[in-house]
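Reader: I'd like to learn how to read a few features in a structure. Could you walk me through them?

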Amino acid sequence: MVKPFNSCGPDNEPAIPKHILVDHSPVAMYTCDLLGRITYYNRAAAQLWGREPKIGQELWSGSWKTYYPDGTPMPLDETPMAAILKNKNSFDQSEITIECPDHSFKTLLVFPRQLFSDQGTFIGAYNTLVDISYKENLETRDAFLSAIVEHSQDPIISKNLNGIITSWNKGAEKVFGYQEQEMLGKPITTIIPADRLDEETFILDRIRKGKIVDHFETIRVRKDGRKIPISLMISPIRNGSGKIIGASKIARDISEQIKTQEAIAQYTEDLETISSISRTISEKLDVQKILQEVTDATTRLTGAAFGAFFYKMINEEGEAYTLYSSSGAPKEAFEEFGLPRNTAVFHTTFSGEGPVRSDDITKDPRYGHSPSGIPKGHLPVVSYLAMPVVLSDSKVIGGLFFGHPLPGRFNARHEKLVASIAAQAATALDNARLFEEVVSLSTRKDEFIAMASHELNSPLTSVKGFLQLLNKKNRDATCGSFIDISMKQIGKLQKLVSDLLDVSKIKAEKLQIEKDRFDCKALLEDVIQTYVQDITNHSFNLKLNCQEVFVVADKLRIEQVIVNLVSNAVKYSPKSTTVFITLEKRATDLIIKVADQGIGLREEEVTKVFGRFYRAEERGIAGLGLGLYICSEIVRRHGGEIGVNSEYGRGSEFYFTLPLAIERQADK
Amino acid sequence: MKKKVVVVEDDLAISELVRYILTEGNFDVTSFDSVDAFWEGMRDIKPDIFLLDIMLPDGNGHDICKELSANEATRHIPVVMMSAHFEKLDKECRFAEFIKKPFDIDDLISKVTQSVA
């Protein structure tokens with residue numbers, strides 16, 4: 001039996017000095033009376049509970065909440081203190097979990113004991129509380145850590161400073177193929193390839209210095225002798241006093257990672273190749289060059305010994321013919337190869353059935369067998385890959401063929417690569433074909449214009465001449481007016497034919513510019529003067545800001561430009577009466593502006609008016625739409641600039657510039 | 001005495017017109033419609049002036065002009081060239097005048113007359 005002690009209990013027995021020791025004891029203690037009311041607790045208890053229960057009021061336990069070790073809540077009257085007071089049973093020790101008001105949890109060992117008076121009367125109980133949370137944490141942590149190490153997929157090995165293995169987990173067993181019992185006590189060099197033994201010296205050296213070896217990528221040998229790429233992380237292990245006693249080593253098998261990296265690198269390279277080829281071929285509009293480019297690139301990519309591209313074309317006469325390019329072997333070899341004979345092997349490709357890939361085509365039933373093996377003159381093809389080149393409308397336009405004298409040279413990746421390029425090639429070839437058609441049509445059109453204008457010119461010349469003769473011979477009032485009208489019409493016809501001729505010359509780059517030095521102001525005045533005679537409905541407002549403006553230019557051509565702009569101004573302003581013409585001499589050039597108050601141009605027309613055959617639409621005004629095109633060409637050839645400012649419904653102002661002639665002494 | 005003019009022009013109507021104008025202008029006109037016919041006919045004629053169209057069915061007036069300019073016997077005889085468009089003519093072709101088609105008949109007669117004078 002234990003002697004009771006007291007401090008501030010209700011019984012008010014004389015104070016025992018010993019209680020001061022209890023008050024300040026680091027061991028948590030408290031007492032309850034027979035009814036379970038808390039009669040005393042020391043500071044350590046209050047600290048443990050995280051609160052200060054009310055003396056004489058709270059029952060059995062001062063903790064905020066109490067739980068069984070399995071975590072279920074423990075009612076207050078079932079606490080060990082309550083139990084010992086009710087049942088008078090004495091517990092040796094018992095484990096409980098308490099929750100403090102700040103929601104922290106603690107695991108306690110409790111030691112409740114009954115208290116008896118000197119007379120042996122049962123007067124209550126005292127309880128001693130021991131916080132074992134920290135101990136539990138350590139154990140749990142150790143258990144967790146060993147579980148993590150033991151079951152880690154990655155090999156985790158420890159060794160001492162002599163390189164002798166001291167632990168070997170499941171991951172290590174799996175990756176290196178050695179069991180734990182085989183490896184404990186063995187040197188780590190067991191798994192290091194002979195040519196890498198130096199690494200261990202380096203690693204141990206660093207470990208001894210307390211340094212970590214991180215992301216060390218190397219090769220280790222499995223039990224079966226296979227070498228595997230791994231990434232190592234090695235850290236020193238210290239004992240309780242901080243002395244380095246060994247090393248822990250976490251390895252990672254990076255075979256898959258390396259494979260993936262290689263696959264990604266390969267994929268990226270393939271994509272780059274495809275994109276660079278497609279860029280190259282889409283820039284080209286020449287069929288033969290596309291064929292060659294594609295053949296060379298694909299032959300290189302597949303590692304084929306020889307490659308060829310057969311392309312079916314239809315010429316203007318509707319006859320089929322085949323173009324081809326080759327790589328790795330002279331063209332003649334492919335001629336011997338028997339250009340797309342419709343043999344069974346080729347048929348698959350040219351009918352567009354799909355690619356053919358064979359590790360050994362000589363064993364293919366479709367392959368033409370001859371008793372002596374490969375027919376004479378044929379390329380020694382064993383590995384074979386053929387890819388149809390198909391347009392978007394499913395029309396087969398050709399095929400790509402690759403060969404190698406050794407078997408099994410082409411894989412699925414090659415096939416995929418060639419398929420992508422074949423698709424790009426089909427598009428590029430189709431574009432090239434369309435482009436060739438357009439160019440050929442355009443050339444024929446230009447040739448036609450050149451011929452037509454020349455052919456028109458001959459009858460025009462004679463009609464004009466004879467009309468002139470007629471005019472001289474036989475002129476009475478009536479005939480005279482008929483002849484005048486005819487002459488005027490011939491004049492218009494002559495202008496049209498001459499424009500056509502100019503255009504055909506511009507297209508053929510044969511437009512002649514014969515430069516002379518002349519005063520552009522005088523030319524402008526002359527042209528307007530001559531022109532005015534034929535114009536009855538319009539007046540000309542001429543503004544010239546200078547005396548003379550010399551240029552070195554083709555006088556007739558510049559006259560042509562002025563006449564064109566002025567007659568356009570008249571033609572496109574049927575309801576107004578004035579055309580404004582200004583000439584301005586500037587620092588290095590002159591500018592001539594011709595403005596009308598006519599129908600003007602829509603915004604979208606402004607950029608198009610200088611194009612060939614362009615005409616302001618549906619306005620019932622005659623013309624071929626060539627005048628401004630010729631003007632812009634003439635001005636451009638003189639190093640000048642031509643343009644227009646226009647407002648729809650308000651009128652247009654056309655202008656052009658010409659560089660000034662370098663001044664001579666005499667001009668001043 | 002009338003001046004002799006040799007005209008090479010493949011278009012019959014133009015050829016007729018030119019013959020008429022030049023005859024009116026007091027010339028003795030001989031015309032050919034091809035390069036071959038011209039060289040064939042040239043064996044018998046000593047003209048005072050040539051009037052050459054440029055585009056011809058079997059060649060061109062430009063080449064005729066070059067040959068005439070290169071030949072001692074003919075290089076002194078003036079040549080007038082005639083075409084639908086201004087052409088860049090070689091320096092070896094030494095011509096007196098260029099007439100653009102369609103031409104003005106007064107212009108034609110005056111250029112030919114001036115060249116032969």
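Author: Gladly! Contact means heavy atoms within 4.5 Å. This is a predicted model, where local features need pLDDT of at least 70, side-chain atom pairs count only at pLDDT 80 or more, and totals for chains, interfaces and linings use all residues. Residues are numbered from 1 along each chain as its sequence is written, chains are lettered from A and ligands numbered from 1 in the order in which they are written, and side-chain values use heavy atoms, with hydrogens and water left out.

Reader: Which residues of α8(A) are buried, and what covers them?

Author: Helices (H or I, at least four residues) and strands (E, at least two) are DSSP runs, numbered from the N terminus. Buried means under 20% relative accessible area, exposed over 50%, partly exposed in between (1.4 Å probe, protein chains only). In α8(A), the buried residues are A:Ser255, A:Asp270, A:Thr273, A:Ile274, A:Ile277, A:Ser278 and A:Ile281. Their cover includes β10 (227-238), β11 (244-253), α9 (287-302) and α12 (412-473) of chain A.

Reader: And how do I read aromatic pairs?

Author: A pair of aromatic rings is described by the distance of the centres and the angle of the planes. Rings of Phe, Tyr and Trp (its six-membered ring) pair if their centres lie within 6.5 Å; planes under 30 degrees apart count as stacked, over 60 as edge-to-face and the rest as tilted. Over all chains, the whole structure holds 13 aromatic pairs. The rings of A:Tyr41 and A:Trp49 have centres 5.9 Å apart and planes at 70 degrees, so this pair is edge-to-face.

Reader: Are A:Tyr41 and A:Trp49 buried or exposed?

Author: A:Tyr41 is buried, at 17% relative accessible area, and A:Trp49 is buried, at 1%. In chain B, ring pairs join B:Phe32, B:Phe38, B:Trp39 and B:Phe50 into a cluster.
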